[in-house]
Amino acid sequence: MSQTGWFAVRVALSPRRKLVLGIGAFVLPLMLWCAVSYLPFVWHPQVLITQPGDVDYFQPGMRVDKEVFRDEAHNMQEAGKAAPLGEPANPVYLPAPHEVVKAFYTAFTTAPEQKDAPWLHESLWHSMKIIFWGFLLSSLIGVPLGIVCGTYSSIARLNEPFIEFFRYLPAPAFGALAVAILGIHDGPKIAIIVIGTFFQQVLVISNTTRKLDYALLEAAMTLGTRRWRLISRVVVPGILPDLYRDQRVLLGWAWTYLIVAELIGTSSGITFFITQQARYQHFENVYAAIAMIGIIGLGIDLLLAWAGRHLFPWDRSQGKH
């Protein structure tokens, strides 16, 4: 099999191919969305009423299923009355791409529907603080514990069976308990992020620590290095690039718990904005807010990847993606 084509196995891509494939990863779904939105023969299951005719309950701007529109138009024609007019449309929950793009601006400049409700930028900032504190608290305990478990088998045996059990418990199941203990504001939300991240974090980092070449540990112990000095002078420097990469992945894991966490207690942050916009059927704002979460998360990851290439220039894997 050729190792120079598009399907070469584990061969580093040229900068041009990286750029083409990276752009294609976003362009292909966007093209599908455009086809569904702008080509009536692809999928337009409803009709947007432009003139209701003599149908009593039809209103301009109303959306009805094609079958209902067809039946009402047929009934009006048979009765000799004015038939309704309309154009093919998608359901209200699937706005067109240009409407979502417009919402990226209008969502920031339009006042909230509810009085005293937060603006979009305030909601985004609140959500980012929830992620920051949840991930920080998880890392303060999970990273050291994972390193210790990966270094000392006895400590791993003491902790990992329970952690293996606990990681299968869904974090949202602890929502009511978190509210009872921490109140209804940000405390339980941060707790859900911690619970959803911590146990995976310990296992991932302990596994990364075990991959460190044992010859390095053996050489250090031969020279008299013991216990915590072994961890601080040998283990941590040896796994640091991989530990940094694990933290990037786990930060993305924490983001996936954001929406569920912000529903605990009083709804807040970007979740509050999304639910409010959906309630008033402003689905273009819903899509824009969801996209903003992805853009912020991807932007942070790219920034961390860039920093990793400068912090660990000797680690080739930092620049492979």
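Let's start at a helix end: Asp 213 caps the N-terminal end of helix α8, which covers residues 214-222. A side-chain oxygen of Asp 213 sits 3.1 Å from the backbone nitrogen of Ala 215. Just past α8, Gly 224 adopts a positive phi of about 100 degrees. Keep in mind that this is a predicted model.

| Domain | Residues |
|---|---|
| domain 1 | 13-43 |
| domain 2 | 46-89 |
| domain 3 | 109-312 |

Taken over C-alpha atoms, the centres of domain 1 and domain 3 are 31 Å apart.

Now for some helix packing. Helix α9 (residues 227-256) packs against helix α12 (residues 283-311) at an angle of about 170 degrees, and their axes are 10 Å apart. Angles over 145 degrees count as roughly antiparallel, so that is what α9 is to α12. On the α9 side, the contact is made by Tyr 244, Arg 248, Leu 251 and Trp 255. The α12 side brings in several residues, among them Ile 293, Ile 296, Ile 300, Asp 301 and Leu 304. By class, the contact has 10 nonpolar, 1 polar and 2 charged residues.

What about the aromatics? The whole structure holds 11 aromatic pairs. One of them joins Trp 33 and Tyr 287: the ring centres are 6.1 Å apart and the planes lie at 25 degrees, so the pair is stacked. Trp 33 belongs to helix α1 (residues 15-38) and Tyr 287 to α12, so this pair ties together parts 254 residues apart in sequence.

Notes: Residues numbered from 1 in each chain as written. Predicted model: local features only at pLDDT ≥ 70, side-chain atom pairs only at ≥ 80, totals over all residues. Heavy atoms only, no water. Domains from an automatic or database assignment. Polar contact = N/O pair within 3.5 Å; in protein donor to acceptor, adjacent residues only side chain to side chain. Helix = DSSP H or I, 4+ residues; strand = E, 2+ residues; numbered from the N terminus. Axes fitted to C-alpha atoms, helices over the stretch in contact; angles between N-to-C directions. Parallel < 35°, antiparallel > 145°, perpendicular 65-115°, else oblique. Contact = heavy atoms within 4.5 Å. Nonpolar A, V, L, I, M, F, W, Y, C, P; charged D, E, K, R; others polar. Phe/Tyr/Trp six-rings, centres within 6.5 Å; stacked < 30°, edge-to-face > 60°.
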